[in-house]
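Here is a briefing on one protein chain. Please look over the sequence and the model before reading on.

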Amino acid sequence: MEVGTTVKNQPRADYISSIVEAGTAACRLYGPTKTNVVDIARLLGKSPASVYKIFPSKAAIWDAIAGNFFETDLRFTPSADGELTSAASRLKKTALGDTA
């Protein structure tokens, strides 16, 4: 995720989290194809410009939302050999054709 360009202007992690959470909530309310940055900003009580100060593009916001979904919403499950793996890891292995 590309966020910020200088050390001085690094956004706070909690503000990034709140944008991602609002984006997730907006996607659940309106659907991912209908959600836009204005919806996310409205849920935060901020302006769209303040969201774009943190994320350089709408695509960067969607990447963060998707990454958060894979990390938090897809739980760890036992694999066939009994080892705990995340669903995200298993999807990645499947997508890349990695059987090891």
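What does the accessible surface of the chain come to, and what percentage of it belongs to carbon and sulfur atoms? The accessible surface comes to about 7,000 Å², and 58% of that belongs to carbon and sulfur atoms. Accessible areas come from the Shrake-Rupley method with a 1.4 Å probe, and for residues only the protein chains shown count as cover.

This is a predicted model, in which local features need pLDDT of at least 70 and side-chain atom pairs count only at pLDDT 80 or more, while totals for chains, interfaces and linings use all residues. Residues are numbered from 1 along each chain as its sequence is written, and side-chain values use heavy atoms, with hydrogens and water left out.

**Overall fold**

- The chain has 5 helices and 2 strands (DSSP runs numbered from the N terminus: helices are H or I with at least four residues, strands are E with at least two).
- From the N terminus, the order is α-α-α-α-β-β-α.
- Of the 100 residues, 29% are buried (buried is under 20% relative accessible area, exposed over 50%, partly exposed in between; 1.4 Å probe, protein chains only).
- Take the contacts between residues at least 6 apart in sequence: 35% join residues at least 24 apart (contact means heavy atoms within 4.5 Å).

**Helix H2 and its ends**

- H2 covers residues 37-44. Its buried residues are Val37, Asp39, Ile40 and Ala41.
- Asn36 caps the N-terminal end of H2. A side-chain oxygen of Asn36 lies 3.0 Å from the backbone nitrogen of Val38.
- Gly45 follows H2, with a positive phi near 75°.

**Packing of H1 and H2**

- H1 (residues 13-30) packs with H2 at an angle of about 115°, and the axes are 9 Å apart (axes are lines fitted to C-alpha atoms over the stretch in contact; angles run from 0 to 180 degrees between N-to-C directions).
- H1 contributes Ser18, Ile19, Ala22, Gly23, Ala25, Ala26, Leu29 and Tyr30 to the contact. H2 contributes Asp39, Ile40, Arg42, Leu43 and Leu44.
- By class, the contact has 9 nonpolar, 2 polar and 2 charged residues (Ala, Val, Leu, Ile, Met, Phe, Trp, Tyr, Cys and Pro count as nonpolar, Asp, Glu, Lys and Arg as charged, the others, Gly among them, as polar).

- Asn68 sits in helix H4 (residues 58-73). Asn68 counts as partly exposed because its relative accessibility is 27%.
- Asn68 and Val20 are 48 residues apart in sequence, with C-alpha atoms 7.6 Å apart.
- Ala49 belongs to helix H3 (residues 48-54). Its relative accessible area is 47%, so Ala49 is partly exposed.
- Ala49 and Val38 are 11 residues apart in sequence and 9.2 Å apart in space, C-alpha to C-alpha.

Key:
Polar contact = N/O pair within 3.5 Å; in protein donor to acceptor, adjacent residues only side chain to side chain.
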